[in-house]
Amino acid sequence: MMATNSISSSSFRLFTTRIPLSLHNFKTPTLHPTPSKSFLFFKPITFQRLPPTPSSSSSPSPPPSSLQPIEDLPPKLQEIVHLFQSVPEPKAKYEQLLFYGKNLKPLDTRFKTNDNKVQGCVSQVWVRAYLDPNRNVVYEADSDSVLTKGLAALLVQGFSGRPVNEIIRVTPDFVTLLGLQQSLTPSRNNGFLNMLKLMQRKALMLYVEAEKGGGDSGGGELNSIESEFNGVVESESGGGSSKNGDFETRGDEGDVELGGRGKRIREKLERELEPVELEVEDVSYQHAGHAGVRGGDGETHFNVRVVSREFEGKSLVKRHRLIYGLLQEELDAGLHALSIVAKTPAEVEG
Amino acid sequence: MWLVMEVLLPKLPSFKFPSHSHCCSITSRSSSHVRFGFRRISSLSICASAVNEAVAEPTIDSPSLGHSTRPRFPILHQEVNGSKLVYLDNAATSQKPTAVLKALQNYYEAYNSNVHRGIHFLSAKATDEYESARRKIASFINASDSREIVFTKNASEAINLVAYSWGLSNLKADDEIILTVAEHHSAIVPWQIVAQKVGAVLKFVDLNQDEIPDIEKLKEMLSRKTKIVVVHHVSNVLASVLPIRDIAQWAHDVGAKVLVDACQSVPHMMVDVQNLNADFLVASSHKMCGPTGIGFLYGKIDLLSSMPPFLGGGEMISDVYLDHSTYAEPPSRFEAGTPAIGEAIGLGAAIDYLSGIGMQTIHDYEVELGRYLYERLLSVPNIRIYGPAPSEKVQRAALCSFNVENLHPTDLATFLDQQHGVAIRSGHHCAQPLHRYLGVSSSARASLYFYNTKEDVDNFINALTDTVSFFNSFK
């Protein structure tokens with residue numbers, strides 16, 4: 001994970017740890033939407049307590065405070081929730097549910113496949129999902145039970161035409177907001193849960209497939225967020241002199257990243273010690289920001305690993321003193337610290 | 001003053017009281033309601049039928065069996081979803097009278113102890129009660145010997161016992177097992193598993209035009225290849241009753257055994273295994289006012305004696321060595337481990353309770369109430385009730401599985417529960433092959449027991465009518 005860079009000349013926006021780590025998970029189809037991590041970068045988070053619905057006789061207890069805030073739901077779903085909350089009587093809620101189901105566009109029989117079937121439903125329910133040209137998910141559903149059809153219609157209306165990230169962050173507990181929960185038997189509720197999960201899973205799968213297949217900058221919030229995130233990584237490595245380096249590169253090749261001082265260190269050690277192995281690594285970035293760095297051109301800390309016969313018979317202290325002696329000029333000119341590994345060939349082989 | 005009125009009613013049954021009850025007091029009212037008391041002592045046999053002149057809704061105010069037993073069942077007196085509970089799911093499980101609840105509690109409070117091997121007082125008492133329960137079951141179904149009763153967890157386990165123990169050691173490749181398409185999954189699946197292991201073949205009897213398993217076809221299917229016939233006594237969906245005695249006769253003629261699934265019959269009528277001549281019979285406690293977790297297998301003693309163990313463990317052994325063991329005699333041979341002692345005793349208490357009422361009494365009451373349910377259901381438009389129509393020859397159990405056109409049974413059951421507190425079941429009732437045969441995915445089912453009343457049925461029908469019109473208004 002990158003540390004924040006105090007370089008003020010950079011032009012990119014600094015992201016703090018408010019970037020949810022689960023963004024990384026988008027590449028893999030795992031689904032862990034949690035209410036506590038907000039995906040909203042551009043709106044302040046409000047966790048307001050939902051007032052207990054005064055008229056609903058079927059839900060005596062107020063919803064738990066850990067409920068996903070209603071503002072996090074897709075707009076149409078918010079409307080639906082408000083509608084059901086305003087209908088107090090269970091029977092009237094059923095009527096509302098049936099009304100939704102009635103207006104649900106019928107699903108073509110060829111889409112009533114096993115892949116589209118919701119498991120754990122007492123009746124038969126199918127859900128079909130596909131992406132529209134704007135990469136929003138469109139849903140179609142059907143059921144042989146009218147109550148279940150109503151529930152499916154609810155979800156279809158609430159989610160259809162919305163982008164993937166909006167859909168997958170919705171948690172199932174909005175069902176309690178509808179006030180239908182107690183009006184529906186537990187087995188039916190499970191079906192509802194499974195319906196929602198299937199719809200979210202399908203949305204994610206569609207997204208993943210589209211990313212694989214496309215690669216062109218499609219629309220959708222998700223893409224721009226990702227590229228911005230990638231942009232952070234790139235610009236940091238671009239600014240200033242070589243910093244990242246390859247941790248793994250051996251001294252002989254790949255030292256392309258070494259700046260002037262790094263090269264000088266290398267040359268001197270090579271000339272004076274005739275090493276069997278030599279690794280010079282610029283780790284100045286790790287120390288950026290603390291006292292020794294200020295004013296330098298950035299090449300301040302190095303890791304050095306030398307294997308040479310010159311060290312034979314010399315104690316560790318003497319070896320280090322030898323190296324320091326060779327690099328005295330640099331030390332005077334801004335080299336701040338060396339981390340040294342000095343071995344003889346025999347020691348390395350043994 | 002005795003009031004005896006006989007009025008001929010074309011459609012609705014008259015509420016006769018069975019022969020060993022007698023009327024104790026009658027008060028006549030101006031609206032010609034008649035009160036009958038119900039007693040179990042049979043000194044007088046008086047059969048009186050009194051019916052209100054208003055034919056459409058008989059309003060007899062008589063404490064029927066349902067009314068007189070209801071107070072014993074505390075669970076029935078509650079409200080669900082704002083309405084009084086109307087429990088009509090007895091084919092799934094029955095409710096328990098306080099006598100059974102007390103027996104269970106008393107067991108744990110007074111003498112809970114492991115059975116059969118203890119020396120001390122408590123364990124002796126527990127063993128006594130446990131074995132006494134076994135004897136009660138034996139006499140309840142008229143087994144010749146209490147050793148013919150094997151306690152199991154439920155009827156499904158009992159069938160598995162027969163399949164794995166008797167089936168695996170007696171069935172070979174190409175042997176035939178005959179079942180009907182109306183069997184419960186627990187009667188089908190264990191035989192599928194065993195048949196696959198040995199290479200035996202399952203054959204299924206279809207329904208006839210009355211929607212009863214076709215007995216003639218069954219007869220034709222029997223051959224010397226048939227090794228066992230597995231049939232229900234009473235169907236949990238069709239409510240039909242099979243002639244077990246005849247079936248057993250025909251099966252034995254070809255050298256086949258008979259396993260009877262009596263889950264829906266033992267709780268509701270007298271079942272005499274010797275009369276039926278069944279080789280195996282299974283039933284579960286929880287459908288007959290007993291606790292869950294206990295059931296039994298009845299098997300003829302010489303059959304059981306020839307069968308290898310099903311589950312291994314303690315109790316079912318005689319001597320145990322490192323490399324082999326010898327086994328106990330039945331029934332212990334098939335009862336490995338600590339049994340559900342309290343539950344077995346609870347089942348014994350349930351049998352006491354049922355015997356106290358009398359199985360004939362219960363049966364007669366249910367025949368009446370069942371027919372009332374059937375006929376009132378028929379009045380619902382676009383309804384299809386599965387199974388045979390009740391008649392002189394054809395008896396139905398007190399349950400009805402049905403579908404209303406264009407109304408999914410799950411929607412129906414949900415609405416009935418939510419708006420009216422009526423508990424019925426919807427789904428395939430563990431009989432998917434039957435539903436497939438009937439061409440439906442699922443059905444709704446209302447099933448009665450002796451503590452249901454006429455009012456229960458009326459409430460159900462009113463609720464059903466309301467439900468149907470609610471959903472129809474959305475068409």
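**Ground rules.** Because the model is predicted, I kept local features at pLDDT of at least 70 and side-chain atom pairs at pLDDT 80 or more, while totals for chains, interfaces and linings use all residues. Residues count from 1 along each chain as written, chains are lettered from A and ligands numbered from 1 in written order, and side-chain values use heavy atoms, leaving out hydrogens and water.

**Entry 1: a helix in chain B.** I looked up helix H5 of chain B, residues 185–198. Helices here are DSSP runs of H or I, at least four residues, and strands are runs of E, at least two, numbered from the N terminus. The expected span is 1.5 Å times one less than the number of residues. For the 14 residues of H5(B) that gives 20 Å, and the end C-alpha atoms are 20 Å apart, so the two agree. Its buried residues include B:Ile188, B:Trp191 and B:Val194; buried means under 20% relative accessible area, exposed over 50%, partly exposed in between (1.4 Å probe, protein chains only). Those buried residues pack against several elements of chain B, among them helix H4 (155–170) and strand S7 (226–232). Contact means heavy atoms within 4.5 Å. After H5(B) comes B:Gly199, with a positive phi near 85°.

Entry 2: Most residues other than glycine have a negative phi, and most peptide bonds are trans. I found A:Glu274 with a positive phi of about 40°, though it is not a glycine. A:Glu274 sits in the loop between helix H8 (260–273) and strand S4 (277–282) of chain A, and counts as exposed at 65% relative accessibility. B:Asn142 also has a positive phi, about 60°, but is partly exposed at 32%. Next I checked the peptide bond from B:Pro330 to B:Pro331, which is cis, with omega near 5°. B:Pro331 lies in the loop between strand S12 (325–327) and helix H10 (341–357) of chain B.

**Entry 3: where the chains meet.** Which residues touch? Chain A gives 20 and chain B gives 14. The buried area (accessible area, 1.4 Å probe, that two parts lose on being put together, summed over both) is about 1,400 Å², with 62% from carbon and sulfur atoms. A:Lys91, A:Tyr94 and A:Leu98 supply 30% of what chain A buries against chain B, more than any other three residues.
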